[in-house]
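I open this notebook to record what I looked up in one structure, entry by entry.

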Amino acid sequence: MDVKGKTIVLGVTGGIAAYWAAEIIGALRDREADVHVIMTKNATHFISPLTLQTISENKVLTNSFELSGEIEISHISYAKKADLILVAPATANFIGKIATGIADDVLSTTIMAVNAPVLICPAMNDMMWANKIVQENVEKLKKHGYYFVDPEYGVMACGGMGVGRLASMESILGKLMAL
Ligand SMILES: Cc1cc2nc3c(=O)[nH]c(=O)nc-3n(C[C@H](O)[C@H](O)[C@H](O)COP(=O)(O)O)c2cc1C
């Protein structure tokens, strides 16, 4: 997908790689995409909504129940306007939620309501990524048409080496452009 002029909804979840969201927004904006960020509550522990709002130049959604002054329900309006939803980084928890049909925050609810492609970029500790239930959840989502950029091998934030690091910007953008 050529992202020029497209609306990309960037979902950010609560992992250490959340700080990469700032770089991802920059890269998408360089390609003239309109980026709208939705963060889970836990993502806000890792990077501030103010940072992502400033870089994206669009309001950041974190809470479904906030009074926004807009009449349309946020998750429905984001689901309608998205040309693509990119979740980067995606936690094990978040992948588990969407694989089992849980919609208990604004990001998972938006994904449940969307028709546009959803590209998920997991990032987690290597033991978490190797967990059979996490792998089953990923396989299930792939089977249902969700796209993935699998994590890469390298130094873990928690120390040691393994597969679990967020894929490189090149891999993420490469996959996105190929959709
Ligand atoms: C310091 C710290 C780093 C974490 N890093 C990750 C991570 O990289 N990947 C992951 O799947 N979970 C990570 N977690 C666990 C998630 O934050 C936790 O599962 C949380 O419930 C995720 O919420 P969310 O999926 O709603 O954003 C981390 C937790 C802490 C305290």
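This is a predicted model: local features need pLDDT of at least 70, side-chain atom pairs count only at pLDDT 80 or more; totals for chains, interfaces and linings use all residues.

The entries below cover the core, the ligand shell, some backbone angles and a hairpin.

**Entry 1: the nonpolar core.** I looked up the largest nonpolar core and found that it holds 50 residues. The members that touch the most other members are I8, L10, A21, L86, V87, A88 and C121.

**Entry 2: A21.** Leaving aside residues up to four places away in sequence, A21 touches L10, V12, I47, L52 and A88. Of these partners, L10 and A88 are also named among the core members that touch the most others.

**Entry 3: a cis peptide bond.** The peptide bond that joins A88 and P89 is cis, with omega at about -5 degrees.

**Entry 4: the ligand shell.** How many residues surround the ligand? I found 15, and the closest are G14, G15, T40, T91 and M124. Helix α4, residues 92–99, contributes the largest share of this shell, namely three residues. Sorted by class, the shell has eight nonpolar residues and seven polar ones, and no charged residues.

**Entry 5: positive phi at two glutamates.** I looked for positive phi values in residues other than glycine. E32 has a phi near 65 degrees, and I placed E32 in the loop between α1 (20–30) and β2 (34–39). Is E32 buried or exposed? E32 has 11 other C-beta atoms within 10 Å; the limit for an exposed residue is 12 or fewer, so E32 is exposed. E57 has a positive phi of about 60 degrees and lies in the loop between α2 (49–56) and α3 (74–81).

**Entry 6: the hairpin of β6 and β7.** Strand β6, residues 152–155, pairs with strand β7, residues 161–165, in the antiparallel sense over four bridges. Within this pairing I found G154 opposite G162 in β7. Five residues lie between the strands of the hairpin, and G159 takes a positive phi near 100 degrees there.

Notes: Residues are numbered from 1 along each chain as its sequence is written. A nonpolar core is a set of buried Ala, Val, Leu, Ile, Met, Phe, Trp, Tyr and Cys residues joined through C-beta atoms within 7 Å. A residue is buried if 20 or more other C-beta atoms lie within 10 Å of its own, exposed if 12 or fewer, and partly exposed in between; C-beta atoms are placed from the backbone. Two residues are in contact if their C-beta atoms, placed from the backbone, lie within 7 Å. A residue is near a molecule or strand if its C-beta atom, placed from the backbone, lies within 6 Å of it. Ala, Val, Leu, Ile, Met, Phe, Trp, Tyr, Cys and Pro count as nonpolar, Asp, Glu, Lys and Arg as charged, and the others, Gly among them, as polar. Two strands pair if DSSP finds at least two bridges between them.
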